[in-house]
Protein chains: 2
Amino acid sequence: MTMPSHDGLPGVDLRAVLFTIHDGSLLVALTEGEVGARLPRGVPSLTDPLDASARQIVRTATAVHEQYLEQLYTLSVREPAPWTIVVSYMALVSTTSGGSLDGREGLWHNAAEVPPLSETDRMVVDYALLRLRAKLGYTNVAFHLLPPTFTLTELQSAYETILSRPLDKRNFRRRVIASGILEQTADKRREGSHRPATIYRFRPEADGETYLTPPWAEGA
Amino acid sequence: MTMPSHDGLPGVDLRAVLFTIHDGSLLVALTEGEVGARLPRGVPSLTDPLDASARQIVRTATAVHEQYLEQLYTLSVREPAPWTIVVSYMALVSTTSGGSLDGREGLWHNAAEVPPLSETDRMVVDYALLRLRAKLGYTNVAFHLLPPTFTLTELQSAYETILSRPLDKRNFRRRVIASGILEQTADKRREGSHRPATIYRFRPEADGETYLTPPWAEGA
DNA sequence: TCAAAAGTGTTCCTTCTACACCCATGT
DNA sequence: ACATGGGTGTAGAAGGAACACTTTTGA
């Protein structure tokens with residue numbers, strides 16, 4: 001239970017919205033608290049910067065170390081009284097190659113049908129999804145949800161899952177190739193009785209600017 | 001002097017970057033601290049939400065009540081030790097019709113040549129300017145820097161001041177009219193020996209969405 | 001030879017950019 | 001009549017959306 005500070009300052013609480021993609025669904029990590037599902041949370045460490053504390057919360061919830069992390073917004077809520085400052089983050093964890101959920105199936109919930117949450121948690125989840133969708137349009141965040149190598153069809157279906165709407169195959173490929181963010185590998189993925197797909201890799205050095213996140217924020 | 005909390009939580013500090021436009025220059029409000037110029041700052045009140053405290057800081061610095069306020073980012077800094085959480089805001093205060101600076105000329109500094117600031121303050125100012133410029137492109141924030149009525153030339157020169165680059169008159173007018181955000185008044189401004197300018201008013205109900213600011217943030 | 005996903009171009013339309021002259025007024 | 005800022009249109013370029021068939025493979 002987070003307690004407010006007692007020397008005249010409000011307490012500070014961190015919450016993280018963790019997204020991953022699994023089997024064509026966008027999933028959100030929720031822990032089971034005393035009063036139902038909640039976002040992974042914690043208080044900032046006194047020895048580390050805020051981002052490091054947020055990353056630690058993600059690690060604790062998922063046992064995954066490398067993540068994309070982005071600060072969302074800071075809000076003040078009346079609970080616990082009198083006021084608590086909640087700094088919210090969004091984290092993206094990439095689909096593991098195997099596709100298993102690390103045996104933590106209870107943690108992940110379909111983003112389209114989250115269980116009842118506190119008012120604050122629900123707002124933060126909704127906002128995270130809004131930001132994630134908006135960011136697909138002008139950044140390359142989607143790569144952080146995919147394994148290191150992937151096919152264009154896989155990339156497209158990640159986009160479609162997040163936006164929950166179909167995209168045109170030719171337009172999608174033209175744009176993503178033109179952006180210069182992809183690098184073809186020599187490998188092909190041959191699975192199933194059909195033409196094998198070219199495998200691509202993300203080129204981090206071609207990762208564009210964001211305008212949303214300040215220059216000093218450390219990305220992944 | 002902001003002190004850290006003593007019960008294991010970091011202290012919280014608010015800083016506001018106040019912009020206004022005056023005589024074709026973009027100005028930033030800076031107070032004179034013991035160690036040179038600083039951003040207006042304060043600690044969050046225990047009885048009000050964060051935004052209200054930020055607004056109070058702006059009021060104290062400028063004696064202006066109605067402002068556009070937008071949260072920028074929350075960062076953690078090592079000073080004062082061990083860590084302080086700094087929640088930063090950007091506020092826009094509108095040019096007063098008279099064009100005077102309310103007798104607080106010492107407060108306002110040209111944004112193009114701010115005096116030396118602390119590392120944190122400088123980062124926050126730079127980021128605020130980045131955000132303000134980016135937002136000109138897809139929102140109507142500029143109206144918050146203008147008096148309630150204005151001519152298209154005044155609006156354009158506000159844009160040019162912020163972007164510090166000239167804009168094409170015809171393209172600018174076409175876009176801003178097409179956006180539907182303006183409402184013509186019956187008045188004309190006749191000043192100087194030339195054709196009088198049509199006066200426009202901002203239509204708040206046509207104010208578009210932001211995507212940057214969460215839905216629950218209260219705008220102006 | 002069939003089923004299944006991979007891969008590939010063109011047309012249309014909308015939007016952005018560049019650019020120059022006439023208008024209404026005060027002195 | 002002239003100086004001053006207000007106001008207007010068009011053509012070319014670029015970018016986004018819609019749309020269907022051929023290719024390569026495994027079974």
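Mentor: A crossing is left-handed if the near helix is turned anticlockwise from the far one by less than a right angle, and right-handed if clockwise. Helices (H or I, at least four residues) and strands (E, at least two) are DSSP runs, numbered from the N terminus. This is a predicted model, where local features need pLDDT of at least 70, side-chain atom pairs count only at pLDDT 80 or more, and totals for chains, interfaces and linings use all residues. Residues are numbered from 1 along each chain as its sequence is written, chains are lettered from A and ligands numbered from 1 in written order, and side-chain values use heavy atoms, without hydrogens and water.

Trainee: What is the handedness of the crossing of α2(A) and α3(A)?

Mentor: Helix α2 (residues 119-138) and helix α3 (residues 152-163) of chain A pack at about 140°, with axes 10 Å apart. Axes are lines fitted to C-alpha atoms, for helices over the stretch in contact, and angles run from 0 to 180 degrees between N-to-C directions. The crossing is left-handed.

Trainee: Which residues of α3(A) does α2(A) meet?

Mentor: Contact means heavy atoms within 4.5 Å. From α2(A), Leu132(A), Arg133(A) and Leu136(A) take part, and they meet Tyr159(A), Ile162(A) and Leu163(A).

Trainee: Why is one side of β9 and of β10 in chain B without a neighbour in the sheet?

Mentor: The open sheet has three strands in the order β9-β11-β10 (chain B), with antiparallel pairing. Two strands pair if DSSP finds at least two bridges between them. β9 (149-151) and β10 (182-189) of chain B stand at the edges, so each has a single partner strand.

Trainee: Which residue in β11(B) stands opposite Phe150(B)?

Mentor: β9(B) and β11 (residues 197-202) of chain B pair over three bridges, in the antiparallel sense. Opposite Phe150(B) stands Tyr200(B).
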